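Have the model open in your viewer and follow the stops below in order. Each one says what to select and what is there.

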Amino acid sequence: MAVEERDPHSGYLTTGHEWNGIKELNTPVPRPVYLFLALTALFAVVYWVLMPAWPVGRTYTKGLLGMDQRTSVTSELKQAALERSAWMKRIETEALPAIQADAGLMQRVRETGRTLFADNCAACHGREARGGPGFPDLTTSSWLWGGDPETIAETIRVGVNSAHKDSRVSQMPAFGRDKMLEPRQIEDVITYVRSLSSQPRSAPAAQVESGRDLFAANCAACHGDDAKGIGAGAPNLTDSFWLYGGDVESLRRTLTQGRQGHMPTWEARLTEAERKLLALYIVDLRRKEQP
Amino acid sequence: MYVAQLTLPERRAALALACLVAGLGLTMAVLGRDDLLGTHGALVIACGVVVAIVVMRGFYAPSPSPERLSSYYDDPTRAGIVFAMIWAIVAMAVGDWVAWLLVSPDLTFDAAWSSFGRLRPVHTSGVIFGFGGNALIATSFYVVQRTSRARLPDQVSPWFVLLGFNLFCILAASGYLMGITQSKEYAEPEWYADIWLVIVWVAYFGLYLRTLARRKEPHIYVSNWYYLAFILVVAVLHIVNNLAVPVSLGHAKSYSAFAGVQDAMTEWWYGHNAVAFFLTSGFLGMMYYFMPKRAGRPIFSYRLSIISFWGITFMYMWAGSHHLHYTALPQWVQTLGMTFSLMLLVPSWASATNALLTLNGAWHKVRDDATLRFMMTAAVFYGLTTFEGSFMAIRPVNSLSHYTDWTIGHVHAGALGWVALITFGSLYSIVPSLWGKRAMYSPRLVEVHYWLAIAGTLVYVISMWNSGIVQGLMWRTYNDSGTLAYSFVDSLVAMHPYYVMRAVGGLLFLIGTVVGAYNIWRTMRTPALAEIGDFAEAPARAAPTLAAAE
């Protein structure tokens, strides 16, 4: 039985029902609710008329404004490229030294190179391009493949040990695992290598001598007679920069198991101008490091 | 002790069901012996066997007295509340863990199971399904009986629903840790778990309808509309979005029936309506019962309830595509998603208004009673979040907010501020009477929980708003050269302080939950009242409001 009663607080009638003590007032829907329903519905209708909105068979209503997200994003990208092209074109066409001489253009290289590097290269080379174990520091004067902008641009284009057909190829053989050297010989050569970069040595001179001979016979072909590298991927072993580490433990691993770094090719992922820009950016980094 | 309440035929049925589940587990274990499916088979066997043992141990207990039929059947509700609180602690702890993982990504200890991608769904499924789902099931049983003045039709199906649902949750969470996932957000569990949930859910729907059919009230109360919408629509969403073909019956892996942008659209139609019908509709059902009950006030407007119910039910269905603005999804679908999301604001705010105006005449209670304040604050957050949601659905706004932490902030304004607060408010209002106590063990701890929860939510949401907007702006800022001013890593570095803040906010909320669980546990353990006094929610046992069955 529905018995209506008046709520003393609000003055409204109840609906006359009760559920386990809960009642409901029969308050009319407040006006603003209808107002806002009408307003939002009106907005929706107007928006539908102007924009692509309702499906009709195999097509849809295109809207009076003729908007289409695909064409608008394409044209926006085109417009942005156009705005950049003033200086991008110059990076693309001008010779590297000419660009380097142009302070204004180099300012753009720094600005754009920073984000381009951070978005594509920082995962391996670090945000400051300082590298990490296995990934070369690009701010030093020690280069595996060469540090002039052309060579760097080429390294970026083809990569190292990458899938590119012209990829740079290099490998540090696994002398220990593949039984090319005895463990004893490896220790000797490690001692010699460490002596090259004047690291503390407590080893007897005879061991260094033996290491020197072993080096000449096994290593010089790639690392060079003076162990300073020959610009073909094998690092300079006489400086203080290490790719995998200059401590005895790391050197032992390098010599026992070999090393082969992988640097991807960027030819298909970055434009020529972008690669050139990155090469300039990297060279510029080094200039900043060593004023 | 729960088994003693079952009649002998019910005990037999329960035992048979438990054995059946163990048998299903055995089938899975045999078919999937070369796959992770086999591991899950073993888990299912274990669950079936545990339930079978529990039933067997109480099998020869004396039959329950026929008096039970003159009161409501609340055992599953009690168990559901306990499950909900356990899931809440576990899943919120995992949530805070992944928050710290974002602060320092190395916290994985080099193990696969502890990677972000595996732990995150444990958190999301754990809080949504484990905590939210159990709370919904428990309260829906409670509410439907009282608002229908009818006892649940039998004593086995509610247990089947509750335990079956928890089995699903366990399969889900343990599967993620092993790497089993469909990779669909909020629908990660694989095909066999999905099929199991369908069975459980159909039983739930049937149980609800059967109880309503026995009602002795002429009208169906609002809460029940919302609970029913929640059960029915979640079934539809779950079935459609999870249509998939398993690699074989012996493999956990399956492939979606949809591909490409259709798959994305189906997923977000599901995802957004999960927000609508799981996280909104169901909890509105809770609110419509517990809030007026606690406040001792009538619902502000029956008419407003109707408008908001149908508005929400109709308009949410269209809104999912706003999750795919500026993607491969055709623009016309995005238009519909955006416009319906805007219209949706009106019924959403109508619900929030209806709730808050219901408190007119009871604001002094809101001030004094933290339990009611939980619910009031939940309604406020519901209003804020739905406003924010409609706002973010506007395409140009979305172009800033999409893929940023703003989305995470929005979700948590809803999840912490609305879903969790309304749940805690509801649980605090029924736990004492369900366990036959006069009040919560410590009203002060309810107060402590309230402030921890509010502080945690605010810290969380504000840090994510900041983070999201900073992130969004950084991603779209150009320098003079016409190229992007910031790299992605730059934006990560900028996020770091906000991530720390968020993790702290989450921790505050988690501590609040632990305090709440402790309080509930102590309430359960305080000596029972011999005589029940005159307080708001008299236990059904002591005050049989249920008229004799026909």
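Start by selecting A:Met263, which, leaving aside neighbours within four places in sequence, is in contact with A:His125, A:Thr155, A:Ile156, A:Gly159, A:Val160 and A:Ser162. Bear in mind that this is a predicted model. A:Met263 sits in the loop between α10 (248-257) and α11 (272-289) of chain A. Its relative accessible area is 19%, and the cut-off for buried is under 20%, so A:Met263 counts as buried.

Next, select A:His125, in helix α5 (residues 122-125) of chain A. A:His125 is buried too, at 10% relative accessibility. Residues up to four places away in sequence aside, A:His125 touches A:Met263 as well as A:Phe117, A:Arg130, A:Gly131, A:Pro136 and A:Leu138.

Move to chain B and select B:Trp201, B:Tyr204, B:Phe230, B:Phe278, B:Met287, B:Trp418 and B:Phe424, the residues with the most contacts inside the largest nonpolar core, which has 152 residues. Helix α8 (residues 260-295) of chain B gives the most to this core, with 16 residues.

Zoom in on B:Phe230: beyond its neighbours within four places in sequence, its contacts are B:Leu136, B:Trp201, B:Tyr204, B:Phe277, B:Phe278, B:Ser281 and B:Gly282.

Finish back in chain A, where A:Leu116, A:Leu138, A:Ile156 and A:Trp266 are among the 32 residues of a second, separate core.

Conventions. Residues numbered from 1 in each chain as written. Chains lettered and ligands numbered in written order. Predicted model: local features only at pLDDT ≥ 70, side-chain atom pairs only at ≥ 80, totals over all residues. Heavy atoms only, no water. Core = buried A, V, L, I, M, F, W, Y, C linked by side-chain atoms within 4.5 Å. Buried < 20%, exposed > 50% of the residue type's maximum accessible area, 1.4 Å probe, protein only. Helix = DSSP H or I, 4+ residues; strand = E, 2+ residues; numbered from the N terminus. Contact = heavy atoms within 4.5 Å.
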